[in-house]
Amino acid sequence: KMDILEEKIYQTYGTARIFEKRAKSFSLKMRALNFLGLAIPLIIGLIFLGFGEINAYLKTIAIILGIIQIIVFLWSIISKWDDKYQYAISALKRQEEIHSDLKLVKDDSSIPQTFIERLFEKESRYNSVRYNTRYYR
């Protein structure tokens, strides 16, 4: 029983760290998207205000910046960054909750066997749902 419990504690900790890394990655991507969404139109507007007439070179820069913004925006929608971020945060919280419960069981030998079995079932149910979802990868 203790070997399985220690293995589950180790697994839930590792899984939580994986989802934490994913959440940070998607958070960074969404912040970059928000930055580009504001910065690019401002840069284009300031170029126009600063130079009045836009020559071919400045027009090319503005077009390239606009294309970059559209590509990144479309990529975020198609890849569903916001959904994946929310899923990663939710999965992180669930893994940390299960991890804490399992550590509690390990430290307190008076906890009934039925509680331990329910924790294993909860973790098993969660993992079967997690592996069957499209946001897992």
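Visitor: How much accessible surface does the chain have, and what share belongs to carbon and sulfur atoms?
Guide: The accessible surface is about 9600 Å². Carbon and sulfur atoms hold 63% of that. Note that this is a predicted model.

Visitor: What pattern does the chain follow along the sequence?
Guide: The pattern reads α-α-α-α. The chain has 4 helices and 0 strands.

Visitor: How many of the contacts between residues at least 6 apart in sequence join residues at least 24 apart?
Guide: The share is 81%. A contact here needs heavy atoms within 4.5 Å.

Visitor: What share of the chain is buried?
Guide: Buried residues make up 28% of the 137 residues. To count, a residue must have under 20% relative accessible area.

Visitor: What span is expected for helix H3, and what does the helix reach?
Guide: H3 covers residues 81-107, which is 27 residues. At 1.5 Å a residue, 39 Å is expected. From first C-alpha to last, H3 reaches 39 Å, close to that expected value.

Visitor: Which residues are buried in H3?
Guide: Among them are Trp81, Tyr87, Ala88, Ala91, Leu92 and Gln95. Ile98, His99, Leu102 and Val105 are buried in H3 too. The cut-off is under 20% relative accessible area.

Visitor: Why do residues three or four places apart in an α-helix point the same way?
Guide: An α-helix has 3.6 residues a turn, so such residues point the same way.

Visitor: What about helix H2: what does it reach, and what is expected?
Guide: H2 runs over residues 56-79 and has 24 residues. It reaches 34 Å, close to the 34 Å expected. Its buried residues include Leu58, Ala62, Leu65 and Gly66. Val72, Ser76 and Ser79 are buried in H2 as well.

Visitor: How many salt bridges does the structure hold?
Guide: It holds 3.

Visitor: What makes Lys106 and Glu6 a salt bridge?
Guide: Their closest N and O atoms are 3.8 Å apart. The limit is 4 Å, so the pair counts. Lys106 sits in helix H3 and Glu6 in helix H1 (residues 2-51), 100 residues apart.

Visitor: Why does Lys106 count as partly exposed?
Guide: Lys106 has 37% relative accessibility.

Visitor: What are the closest N and O atoms' separation for Glu96 and Arg17?
Guide: It is 2.7 Å, and the pair forms a salt bridge. Glu96 lies in helix H3 and Arg17 in helix H1, so the pair ties together parts 79 residues apart in sequence. Glu96 is partly exposed, with a relative accessible area of 33%.

Visitor: Which residues are linked in a network of salt bridges?
Guide: Arg17, Glu20 and Glu96 are.

Technical notes: Residues are numbered from 1 along each chain as its sequence is written. This is a predicted model: local features need pLDDT of at least 70, side-chain atom pairs count only at pLDDT 80 or more; totals for chains, interfaces and linings use all residues. Side-chain values use heavy atoms; hydrogens and water are left out. Helices (H or I, at least four residues) and strands (E, at least two) are DSSP runs, numbered from the N terminus. Buried means under 20% relative accessible area, exposed over 50%, partly exposed in between (1.4 Å probe, protein chains only). Accessible areas come from the Shrake-Rupley method with a 1.4 Å probe; for residues, only the protein chains shown count as cover. The expected span of a helix is 1.5 Å times one less than its number of residues. A salt bridge is a side-chain nitrogen of Lys or Arg within 4 Å of a carboxyl oxygen of Asp or Glu.
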